[in-house]
Amino acid sequence: MPVCAHCGSVWKYKEAVKHAFRTKMICPSCYADNYHTLSGCGKAAIFPLSMILYNYLIYMSPDTSLPRMMAGTAGIGAAAFFLLPFTVELTKKQGHIW
Ligand SMILES: [Zn+2]
């Protein structure tokens with residue numbers, strides 16, 4: 001779970017989900033601005049990369065089917081939504097991602 005870079009409070013899952021898709025996240029305890037770290041963004045990148053890899057492997061398999069690709073992609077997307085808060089790491093200053 002994310003830990004506030006200012007006060008050190010550990011965010012609850014619901015708070016992390018609410019803020020995980022934003023660039024600037026406000027701590028519910030001290031109301032200070034927090035930003036994503038580059039390493040946290042790298043960890044979150046595993047989800048779209050796994051979607052691409054899954055679809056590539058299904059596409060290359062002999063029994064390719066569109067429903068299988070769509071079901072797998074939806075499953076990975078749902079897993080990404082629920083697991084994304086565990087990849088969030090916070091810092092005090094907004095850095096450049098690229
Ligand atoms: Zn805080």
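## The annotated span

The UniProt annotation "transmembrane region", which comes from an unreviewed entry, covers residues 69-88; UniProt positions are given in the numbering used here, feature names are shortened, and annotations may be inferred rather than shown by experiment. In the model, the end C-alpha atoms of residues 69-88 lie 28 Å apart, and the span is 75% helix and 0% strand.

This is a predicted model, in which local features need pLDDT of at least 70 and side-chain atom pairs count only at pLDDT 80 or more, while totals for chains, interfaces and linings use all residues. Residues are numbered from 1 along each chain as its sequence is written.

## Overall form

The protein has four helices and three strands, where helices (H or I, at least four residues) and strands (E, at least two) are DSSP runs numbered from the N terminus. Along the sequence these elements follow the pattern α-β-β-α-α-α-β. The radius of gyration is 17 Å, well over the 13 Å that the globule rule gives for 98 residues, so the protein is more spread out than a compact globule; this radius is taken over C-alpha atoms, and the rule is 2.2 Å times the number of residues to the power 0.38. Along its principal axes, the C-alpha trace spans about 55 × 30 × 15 Å.

## Strands and their pairing

Strands β1 (residues 24-26) and β2 (residues 33-36) run antiparallel and are joined by three bridges, two strands being paired if DSSP finds at least two bridges between them. Met 25 has Asn 34 in β2 as its bridge partner. The two strands form a hairpin with six residues between them, and Tyr 31 in the turn has a positive phi of about 60°.

Strand β2 is also joined by two bridges to β3 (residues 90-91), and this pair runs antiparallel; here the bridge partner of Tyr 35 is Thr 91 in β3.

## Buried and open parts

Helix α3 (residues 46-60) has 15 residues, and the number of them that are buried is zero, so α3 lies largely in the open.

Technical notes:
Expected span 1.5 Å × (residues − 1). Buried ≥ 20, exposed ≤ 12 C-beta atoms within 10 Å, placed from the backbone.
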